[in-house]
Amino acid sequence: MENIIYLQAKRNDSGNTIGRPLLQAFVGAMQDVQKGVFITTSTFTKEARNYAEKQQQKNLKLIDGDLLAELMIKYGIGLEKIQTYTVYKINEDFFE
C-alpha cells in the first residue's frame, strides 16, 4: 500500500500561534490518510500539542519555527554559507 502523508505549512508571525481548531480541521481533511505533518514558522499552543500527542486515529508530527530552523541548518536547506570560522587549540606537545 502506498504511504501518503498530508502536509500543511503556515507562515505566521511569532505571536500568531497555531491552536487546536486548526489541527482538528487538518485531521478532518486527511480522510483516508493516516499520517500528517503540520509546519508553522510560529509555535503551537499547549492544547494543540496535547491534541496531536493524544490523537489515536492519525499520526501527526508538529514542526514549529524553532525545530524548522534546526532542521534547515542540519540539512542545509534554504541556506547559503557566507562565512566559516576556524577554531584553534594550543598544541601543548609543541612547547615541550
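Predicted model: local features only at pLDDT ≥ 70, side-chain atom pairs only at ≥ 80, totals over all residues.
Me: How many bridges join E1 to E2?
Reply: E1 covers residues 5-10 and runs parallel to E2. One of the pairings sets isoleucine 5 against lysine 35 in E2. The number of bridges joining E1 to E2 is six.

Me: Which residue in E3 is the bridge partner of glycine 36?
Reply: E3 spans residues 59-63 and pairs with E2 over five bridges, in the parallel sense. Lysine 35 has asparagine 59 as its partner in E3. For glycine 36, the partner in E3 is leucine 60.

Me: Is strand E2 largely enclosed or largely open, and how many of its six residues are buried?
Reply: E2 runs over residues 35-40. Buried means under 20% relative accessible area. E2 is largely enclosed by the rest of the structure, because the buried residues among its six number five.

Me: Which handedness does the unit of E1, H1 and E2 have?
Reply: H1 takes in residues 20-30 and forms a β-α-β unit with E1 and E2. E2, H2 and E3 make a β-α-β unit that is right-handed. The unit of E1, H1 and E2 is also right-handed.

Me: Within what arc do the buried residues of H2 fall?
Reply: H2 covers residues 46-54. Ala48, Tyr51 and Ala52 are buried in this helix. Seen down the axis of H2, the buried residues line one face of the helix, because they fall within an arc of 95 degrees.

Me: Which exposed residues does H2 carry on the face turned away from its buried side?
Reply: The buried residues of H2 are covered by elements including H1 and E3. Exposed means over 50% relative accessible area. The face of H2 turned away from the buried side carries Lys46, Glu53 and Lys54.

Me: Is aspartate 64 buried or exposed?
Reply: Aspartate 64 touches Thr40, Ser42, Thr43, Phe44 and Arg49, not counting residues up to four places away in sequence. The cut-off for buried is under 20%. At 13% relative accessibility, aspartate 64 counts as buried.

Me: What distance separates the C-alpha atoms of glycine 19 and threonine 43?
Reply: Glycine 19 lies in the loop between E1 and H1. This glycine 19 is buried, with a relative accessible area of 17%. Leaving aside neighbours within four places in sequence, glycine 19 is in contact with Thr45 and Ala48. Threonine 43 is 24 residues from glycine 19 along the chain, and their C-alpha atoms are separated by 9.0 Å.

Definitions and conventions
Residues numbered from 1 in each chain as written. Heavy atoms only, no water. Buried < 20%, exposed > 50% of the residue type's maximum accessible area, 1.4 Å probe, protein only. Helix = DSSP H or I, 4+ residues; strand = E, 2+ residues; numbered from the N terminus. Pairing = 2+ DSSP bridges. Right-handed = clockwise from strand over helix to strand, strands pointing away. Arc of directions from axis to C-beta. Contact = heavy atoms within 4.5 Å.
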